[in-house]
Amino acid sequence: MSKRDLKKYLNELNKEQLEEQVLELYEKFSPVKVYYNFVFNPKEESLLQECKIKISNEYFPIKTTGRGKKPKMRRSVAQKYIKHFIVLGVDPFIIADVMLYNIEIAQTFCSGQVIKQELFYKSMFNSFEQAVIFMIANGLLSEFKTRITSIHNETILQKWKNEDEFNAIVERFEY
């Protein structure tokens, strides 16, 4: 069904029928319920805190017993939150904050560990590139200049194998 056909169909419904359909969607589909819950009660700050805790647990897991857990270092956890925030329509400033936080927490972890997987560095570069593109698209680059520079400098300080790629991204735009 095209968008035009859907509009035509919805225009033929009376108010009660339309309300019934929306309620049915709300009850049947979890994403619809999540969307409406966010729209009518946007707790962006609590979502942000939950997100940051989950991301930091990927690198610094909380000990549940006497022995520590092994860090999983999954970029996908942050990516799922970022995608979810974009779908919900969360403020782009908060989304950009999460994007950079993901890289910063990974760099904090990396500063105390030797990471041999090339994929880790490639993944962090992809996150950095996506964050910069997102900030440019949303006019937020100047607001995050300090953090972008810090991330870039940290790749140099930690001698990341792909620091040249980070350099290339930073050199593409003027501060």
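# Exposure, salt bridges and helix packing

Visitor: Why is Arg147 called partly exposed?
Guide: Its relative accessible area is 22%, and because buried means under 20%, exposed over 50% and partly exposed in between (1.4 Å probe, protein chains only), Arg147 counts as partly exposed. This is a predicted model, where local features need pLDDT of at least 70 and side-chain atom pairs count only at pLDDT 80 or more, although totals for chains, interfaces and linings use all residues. Numbering starts from 1 along each chain as its sequence is written, and side-chain values use heavy atoms, leaving out hydrogens and water.

Visitor: What makes Arg147 and Glu104 a salt bridge?
Guide: The closest N and O atoms of Arg147 and Glu104 are 2.9 Å apart, which meets the requirement of a Lys or Arg side-chain nitrogen within 4 Å of an Asp or Glu carboxyl oxygen. This pair links distant parts of the chain, 43 residues apart, with Arg147 in helix 8 (residues 145-157) and Glu104 in helix 6 (residues 92-111), helices being DSSP runs of H or I with at least four residues, numbered from the N terminus. Arg147 and Glu104 also belong to a network of salt bridges with Lys52 and Asp97.

Visitor: How do you know that Arg172 counts as exposed?
Guide: Arg172 reaches 61% relative accessibility, and it therefore counts as exposed, whereas Glu129, with a relative accessible area of 23%, is partly exposed. Arg172 and Glu129 form a salt bridge, their closest N and O atoms being 3.9 Å apart.

Visitor: Why are helix 4 and helix 5 called roughly antiparallel?
Guide: Helix 4 (residues 44-59) and helix 5 (residues 75-88) pack at about 165°, with axes 9 Å apart; since angles over 145 degrees count as roughly antiparallel, the two helices are roughly antiparallel to each other.

Terms used
Axes are lines fitted to C-alpha atoms, for helices over the stretch in contact, and angles run from 0 to 180 degrees between N-to-C directions. Angles under 35 degrees count as roughly parallel, over 145 as roughly antiparallel, 65 to 115 as roughly perpendicular and the rest as oblique.
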